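Please read the following report alongside the sequence and the coordinates.

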Amino acid sequence: MRKIEEMELLRKKQNAYMMKIETLLFSESSPFKNEIYKFFYISQFGESLEIYVFYKNNKVLLNNHQNGTTDNIKAFILEKLNECGYFEEFSKNVLFVFDSDENVKKKYKGNYFLRLR
């Protein structure tokens, strides 16, 4: 298999893991389903993973940083990645970014693609 095809296969596998995590985050039993406004991830061919969690506004962003919700979401995601075997197959290089929809609207004119890059 060519190197590009191998890398694309790794990216697809990472995405499959993350789709499971996203389902868990927004399930009825998740304590975070009402906290998270938007959720994105960027898989980097098995080398790293960027996870973006957006809250509705800056007040919620600040409150969740202060009350531990942000840390709990991060811990939940890492725990679920570990449980499903992600770290057995891929790097533990996971970057978390927490922001708000309010910031995306102010700084990026509501364009999440620009915010993620």
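Does Lys109 count as buried or exposed? At 81% relative accessibility, Lys109 counts as exposed, where buried means under 20% relative accessible area, exposed over 50%, and partly exposed in between, with a 1.4 Å probe and protein chains only. The model is a predicted one, in which local features need pLDDT of at least 70 and side-chain atom pairs count only at pLDDT 80 or more, whereas totals for chains, interfaces and linings use all residues. Residues are numbered from 1 along each chain as its sequence is written, and side-chain values use heavy atoms, with hydrogens and water left out.

**Helix α5 and the residue after it**

Lys109 is found in the loop between α5 and α6, helices (H or I, at least four residues) and strands (E, at least two) being DSSP runs numbered from the N terminus. Just after α5, this residue takes a positive phi of about 55°, although Lys109 is not a glycine. Most residues other than glycine have a negative phi.

Helix α5 itself spans residues 101-108, and Asp101, Asn103 and Val104 are buried in it. These residues cover an arc of only 155° around the axis, which puts them on the same side of α5; the arc is that of the directions from the helix axis to the C-beta atoms. On the other side of α5, Lys105 and Lys106 are exposed. The elements that cover the buried residues of α5 include β2 (49-55), α2 (58-67), β3 (94-100) and α6 (112-116).

**The packing of α1 against α3**

Two packed helices are described by the angle between their axes and the distance between the axes. For helix α1 (residues 3-25) and helix α3 (residues 69-83), the angle is about 130° and the axes are 10 Å apart; the axes are lines fitted to C-alpha atoms, for helices over the stretch in contact, and angles run from 0 to 180 degrees between N-to-C directions. The two helices are therefore oblique to each other, given that angles under 35 degrees count as roughly parallel, over 145 as roughly antiparallel, 65 to 115 as roughly perpendicular and the rest as oblique.

Which residues of α1 and α3 meet? On the α1 side they are Met18, Ile21, Leu24 and Leu25, and on the α3 side Phe76, Ile77, Lys80 and Leu81, where contact means heavy atoms within 4.5 Å. The residues of this contact divide into seven nonpolar, no polar and one charged, with Ala, Val, Leu, Ile, Met, Phe, Trp, Tyr, Cys and Pro counted as nonpolar, Asp, Glu, Lys and Arg as charged, and the others, Gly among them, as polar.

**Individual positions**

| Residue | Relative accessibility | Class |
|---|---|---|
| Thr70 | 5% | buried |
| Leu116 | 15% | buried |
| Asn15 | 16% | buried |
| Glu47 | 59% | exposed |

The contacts listed below leave aside neighbours up to four places away in sequence. Thr70 lies in helix α3, where, leaving aside its neighbours within four places in sequence, it is in contact with Tyr55, Asn64, His65 and Phe98. Leu116 has its place in helix α6 and, not counting residues up to four places away in sequence, touches Phe40, Ile42, Tyr52 and Phe54. Of these, Tyr52 is 64 residues from Leu116 in sequence and 7.8 Å from it in space, C-alpha to C-alpha.

Asn15, whose place is in helix α1, touches Tyr41 and Ser43 on the count that omits residues up to four places away. From C-alpha to C-alpha, Asn15 and Phe45 are 9.8 Å apart in space, and they are 30 residues apart in sequence.

Glu47 lies in the loop between β1 and β2, and its contacts, with neighbours within four places in sequence left aside, are with Ser91 and Asn93. Glu47 and Arg11 are 36 residues apart in sequence, with 9.3 Å between them in space, C-alpha to C-alpha.

Phe26 is found in the loop between α1 and β1 (38-43) and is partly exposed, with a relative accessible area of 33%. Not counting residues up to four places away in sequence, Phe26 touches Lys33, Ile36 and Phe39.
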